[in-house]
Amino acid sequence: MTTAPPIPPPAPAAATPPPATPESPTPTSLAPGGRRLWLRSRWYLLTAVLLLVLGLLLGGLTGRSSWPPLDPRSPDPEGARAAVVLLQREGVDVRTVEDDKALATALREPGTTVVLPRPDLLSHAQLSRLGAVPRGSANRLILISPEQSALDALAPGITLVTAPDGFPDIAEPLSTPPACQLPEAVRADTAELGGLLYDAGSGDTGCYPRHGHRSLVRHAENADRETVVLGTGRPLTNSRLDDDGNAALTLGLLGSHQHLVWYLPDYEAGVPLAHRKQFTDFIPAGWNWAALQLTIAAALAALWRGRRLGPVVAEQLPVVVRATETTEGRARLYHRAKARGRAADALRRAAVHRLAPALGVPTAAGQPEPIALCTAVADRVARSADDIRALLYGGPPTDDAALLRLTDDLDALERQVRQP
């Protein structure tokens, strides 16, 4: 008796895989990261660093001199140290004073020459006090480029020459012959004179004429007290002292007496703090109302602009939509709304914008001139301009079939224009 083969045990059922747990979405931050911020701002930062370095170089290499023009201590081109050195070699005692009291004392001293390089920076009260100081014997006062207020106080009778617009008439300093009998000018001969020009008063001596007026005037109060007016201090400067007769004229004018006093005041200190003008003093009264109106206008503009949500924020799209899908979607919207006229306008507008540059027709305000475009297209395809105008600028189609024919006609017209 045969025995049946043993039946194998049933295979274990395949284990059912556990249901997949959905992955948690990766959070996407719209804030730009550090690398993106660096890429955006690196050129701005580099430009700022370059400007900063350039400013430091310019500030360090081209520092301004601390000496004012015609300072007897200054070795700068506009200083007067060279003239002072020459005068000291000739035995002239040179000193500087910095206040009104010392200047008044110098004006009273006999045998003294006093130089005022910038008399117009003095106040009217200072000029009046100096004009009232009794001058000593053998005393000479030299005014460099004074205007009328300083002349009235210190050299009455001399008049500043003005242009028709009311401003002083200024002549460029050039080599000029003296044309006078002043001993210092005769010995120096030609010198670089010019600058402000003056008309001499009765009994005054005018030298170095320019434009029919004088750039050097000697005003004598008596035989040994005199005032010399110079239109420019150029002959006294270090850079021009050795040109023409500048040195001889300088030594003659400044070295005529044993003592030379050079007035170098602190011009700001001469004005009391309570009387100094502030920045607001130079603003006309009407500008206060203008500033108020501008403030109100700025506040209204801020309120108006503040209603907006702000600038558009660039955001990365989660998916990329093909242009054909966008076009088809818009076409379906037009078809559902039966907006055949709007669809036809879009097709015609696009065709016009492609045809105009192909034919070289210029555009004005973003649109080509219809007559010029239709004429150019008609010449290219050998059709009448009226047909082209009806096709490009005609009325809306009446049904979908007419819209399809319009589309085909526009495509055919573009092909004919590009490949006549």
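A: Helix 10 and helix 11 are roughly perpendicular to each other, a label for angles of 65 to 115 degrees, whereas under 35 is roughly parallel, over 145 roughly antiparallel and the rest oblique. This is a predicted model, in which local features need pLDDT of at least 70 and side-chain atom pairs count only at pLDDT 80 or more, while totals for chains, interfaces and linings use all residues. Residues are numbered from 1 along each chain as its sequence is written, and side-chain values use heavy atoms, with hydrogens and water left out.

Helix 10 covers residues 340-359 and helix 11 covers residues 370-381, and the two pack at an angle of about 70° with their axes 10 Å apart. Helix 10 passes helix 11 in a left-handed crossing (the near helix is turned anticlockwise from the far one by less than a right angle). On the side of helix 10, Val352, Leu355, Ala356, Ala358 and Leu359 take part, and they meet Leu373, Ala376, Val377 and Arg380 of helix 11; contact here means heavy atoms within 4.5 Å. The residues of this contact between helix 10 and helix 11 comprise eight nonpolar, no polar and one charged.

Around this pair, the protein has 13 helices and 13 strands (DSSP runs of at least four residues for helices and at least two for strands). Of its 420 residues, 30% count as buried, that is, under 20% relative accessible area, with exposed meaning over 50% and partly exposed in between, for a 1.4 Å probe. Among contacts between residues at least 6 apart in sequence, 63% join residues at least 24 apart.

Two single residues can be read in the same way. Threonine 112 lies in strand 2, residues 112-116, and is buried, with a relative accessible area of 0%. The side chain of threonine 112 reaches the backbone oxygen of proline 110 at 3.3 Å. Beyond its neighbours within four places in sequence, threonine 112 is in contact with residues including Ala138, Arg140, His257 and His259.

Arginine 234 sits in the loop between strand 10 (225-230) and helix 7 (246-254), and is partly exposed, with a relative accessible area of 29%. Its C-alpha atom is separated by 8.5 Å from that of asparagine 246, twelve residues apart along the chain. Leaving aside neighbours within four places in sequence, arginine 234 is in contact with Pro173, Glu192 and Arg240.

Terms used:
Axes are lines fitted to C-alpha atoms, for helices over the stretch in contact, and angles run from 0 to 180 degrees between N-to-C directions. Ala, Val, Leu, Ile, Met, Phe, Trp, Tyr, Cys and Pro count as nonpolar, Asp, Glu, Lys and Arg as charged, and the others, Gly among them, as polar. A polar contact is a pair of N or O atoms within 3.5 Å; within protein, one must be able to donate a hydrogen and the other to accept it, and residues adjacent in sequence count only if both atoms are side-chain atoms.
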